[in-house]
Each structure stands twice: as C-alpha cells, then as structure tokens.
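Thanks for coming, everyone. Let's take a quick walk through a fold. Please look at the screen.

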Amino acid sequence: FPMRITPYYLGLIRTFDFSDPIYAQCVPQSAELKTPHWLTEDPLAEHARANDLARRFLLFDAFVGGERRVDLMPIVLSRDVHAAAVSTAERAFRVVSTIAARAHHDEIESRLYGFDDDTRALARASFASGDDAVFARVDLLWGQDGRWHACEINADCPGGHNEAVALPRLSREAGVLGGPLHDPTAAVERLADRLARASGGAPVALLYATGYAEDLQVAAIVHRALAARGVDAVLTAPTALRLRGRELFAGKTAVRALYRFYPTEWMAGQDNVGDIARAVAEYGVRAVTGFSAIYSQSKLAFARAHALAPADAGGLPLTFAVSDVGAELEADRSRWVVKRAMGRVGDQVFVGALLAPEAWREVAAFARAQDAGGEPWIAQAYVPQAPVPTPWGPLYVTLGAYVLDGRFVGYFARVTPETHV
C-alpha cells in the first residue's frame, strides 16, 4: 500500500492524570487525546534500535514497500479516556459474545453465520467441553462525539502481539518519555499465563500459517513467553496435529493445549479436523482462543445483537445484515460501511464516504449477491472520527484493545490519514 493509507503502529499509549506534571508540560490540560510536541528526533533512526525490532522482538514486517510502518511516538490519553476505552472494549466483548453464544443452542441461529460443517464441528466440540478461553482484540474508533466506538471484535486469532511488546519497551529505552511510565499493556504475558494454565504445564502446540514470516513472528513471541515460564511449545502447521489413542500429537510431541494464530474457518477441509475436534471434546485438550469463539469473530454478531437485544447493543454502531437494508444503502453511501462478515485484516471493508457513487453501487450489489449466496455481509453505520494531532499532521486513531476472558489486558495504537484501518 502507498504510505498515505498504510496504518502506523505507535509505540505505546500512556495514561495520565490531568494533574500529572509531565502531562501538564506536554499537552494542554483541555486536550483529551494528544501526541506530545516535544519529540525532536527520530529514535528509530539509530540502526541498533531499529535492528532490535526484528532480532530482539521478532517484528519481521516493520517495513512495508520500503517504508517503516511503526514508530515510537506515544499517544497520550487522559485517565478518563483510558478508562472509557477499557469500559467500551469490555462491554462490547460482553454484549457480542453473549449474543453469539445463542448459535451454540439454536441450529437456525447457527446457520445464519454461514459456516461450513468443519468449522461448526470444531465450535461444537469446544463449546460442549467448556473450552471457553478467549484472547480477543476489540477495535475502537475515537469519534467526533468524544467517545470510543467498537466497530468490530477479533475474537478468533487477533494479531499485533509483537508491536504491543516491542514498541512500549523501545520507547522507554530510547528516553522518548520522561518521568514515570504507565504502560497498561500486558497482553502477551497474560496470554502466556493463560496457555500455561490451560496446558497444566504440558507442551503447547503453536499453530500458524507456516508460509508467512509475519505469522511466524506472532507464534515465536508467544513461544518465547512460554519458555520463560518453563512451558515447552512446538511451532507447527495446523495440518500437523494427529490423534494417537487419547493424546493429540504435534509431530513427536504430545500436546495438551493449542494456541492458534490461524483462523478456525481456514481449517475447513483439513483431514485432521476430526482428530482435533475429538481431542477437544473427549480428551481435555484446550485451545486459546477456543474454537467456540468463531461466532463472536463474525461481524454478523453485531447485527444479531441489534436484532435480538437492541437495549444491550445501544453502545455498538448500528449494524444490519446487508439483506435487511433497503435502497437507503445505495442512496446515502456516506452513512454506511459494508463489510464481509468474516473478513480479516481490513480485507473487504468498504467505507461509503471514501468511494465514488458508481463504485459504491458496485460494492453494494456485490455484497448483496454474496450475502444471498450464503456468504454473510453486513452494513454498519459509519462512525465520524475525530483526528488526533501528530507529528505527521492530523490522523485518525484506532486502538486495538486486548481482552482476555473478557478483561482488558492492554492495547496498541494505529493511526492513518483516512478513516479506515
């Protein structure tokens, strides 16, 4: 992507009390979301520090198209804005996951999500055995109304781990911030603790797409965190797991827990799906995240929340199945964002305000056709965002707020010149 639309991952989010003297020196007290104006040099220009990204923190894709996509400039949040982000993320996760859970009890509800038989078999095995751990990331937009808005939840296998670990530490070491540092992010540490509990100290299989270095980097940082806790882990492809007797093996190693940086629905068609489902359902193998979270991963769950529990869904952007929106979808594109329900990493997300009228009509027609063919798409109310002052000019911020079993465990920031990450 050209840099004008490449999201920038920022070093850390620091929270301050309005009486904090460093905050008072750096940012006007009337501001709620600002970047400090006093950073005069680029800390990543130092070769050794930039080298740390890949060698020390395993961040293999810090550059895209020859341009750096990460930085150590912090975003400063007041304590009230931080507390609001935590509350919004936890509430959105609670509302959406509660509604999504209905699919485990209702066959008609389950069918609405359009999943194949293998995906549903894994979800059933996970749900029936109480395999319910969830490491998720809620994407929060900072609105013009001075509030956070949860536009989607990555409940199945979120990313960003390496940025969340590396950038705050490098910011601190580079002296970007003076005074005491409050870094609320412990996502990878808490994830490793959860995996260690799930496995009972036995080996863990770390499943990832082995053809992609950016997927390896996530699995490798989790591997390192588990090793620090004395837990063995095996880096492996999701196709490698096999049931032998009552034990699930990754190669020659029997494993008791699975960490997946690999989407559940991508496992459809693997000849070992039956082995995995049986190991989870009958032999106590646990997964983080559990396969039952696949319904929460679908953006259709936002629409189902508004349809089934509108009072609880009031804090979420208004969302519909695309088939439930009439001609107003095409007539007023500025009001809408159209998304494939199971799209990931921003794929197949179309912001009406950013498209020409003819292009939007084509998007709407395509989404309706796909939805009618059994691939759910949603239409979500556009959230007008407030730009944040940065050294690169006004940019829009998205917080990736991590929640583990429903509780906030940290976040990282992405900024972009357009209202779409």
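Start with one pair of residues. In β15, Ala287 is the bridge partner of Leu258. Helices and strands here are DSSP runs, numbered from the N terminus: helices are H or I with at least four residues, strands are E with at least two.

A word on the source. This is a predicted model: local features need pLDDT of at least 70, side-chain atom pairs count only at pLDDT 80 or more, and totals for chains, interfaces and linings use all residues. Residues are numbered from 1 along each chain as its sequence is written, and side-chain values use heavy atoms, with hydrogens and water left out.

Back to the strands. Leu258 and Ala287 are bridge partners, and strand β14, residues 257–261, pairs with β15 in the parallel sense over three bridges. Two strands pair if DSSP finds at least two bridges between them.

Which order do the four strands of the open sheet take? The order is β10-β9-β14-β15, with parallel pairing. From one strand to the next, the twist averages 25°. Angles run from 0 to 180 degrees between N-to-C directions; axes are lines fitted to C-alpha atoms, for helices over the stretch in contact.

Helix α7, residues 187–199, lies across β9 (204–208), β14 and β15. The helix runs at about 145° to β14. Contact means heavy atoms within 4.5 Å.

Now another sheet. Three strands form an open sheet in the order β11-β12-β13, and the pairing is antiparallel. Its edge strands are β11 (241–244) and β13 (253–255), each pairing on one side only. Here the twist averages 45° from one strand to the next. Between β11 and strand β12 (residues 247–250) there are four bridges, in the antiparallel sense. Arg244 stands opposite Glu247 in β12. What packs on this sheet? Helix α9, residues 273–282, does, touching β11 and β12. Its direction makes about 60° with that of β11.

Next, the backbone. Most residues other than glycine have a negative phi, and most peptide bonds are trans. Val288 and Thr289 are joined by a cis peptide bond, with omega about 5°. Thr289 is in the loop between β15 and α10. Leu58 has a positive phi, near 60°. Leu58 sits in the loop between α2 (47–55) and β4 (63–64).

On to the rings. Rings of Phe, Tyr and Trp (its six-membered ring) pair if their centres lie within 6.5 Å; planes under 30 degrees apart are stacked, over 60 edge-to-face, the rest tilted. That rule gives 11 aromatic pairs. One of them is Tyr113 with Tyr295: centres 5.0 Å apart, planes at 80°, so edge-to-face. Tyr113 is in the loop between α4 (107–112) and α5, and Tyr295 is in helix α10, so the pair ties together parts 182 residues apart in sequence.

Last, a pocket. The second largest pocket is lined by 18 residues. On a 1 Å grid over the protein atoms alone, where a 1.4 Å probe fits, a pocket is an open set with protein on both sides within 12 Å along at least five of seven lines; lining residues have an atom within 4 Å of a point. Nearest its centre are Ser97, Ala101, His104, Val134 and Ser292. Helix α3 gives the largest share of this lining, four residues.
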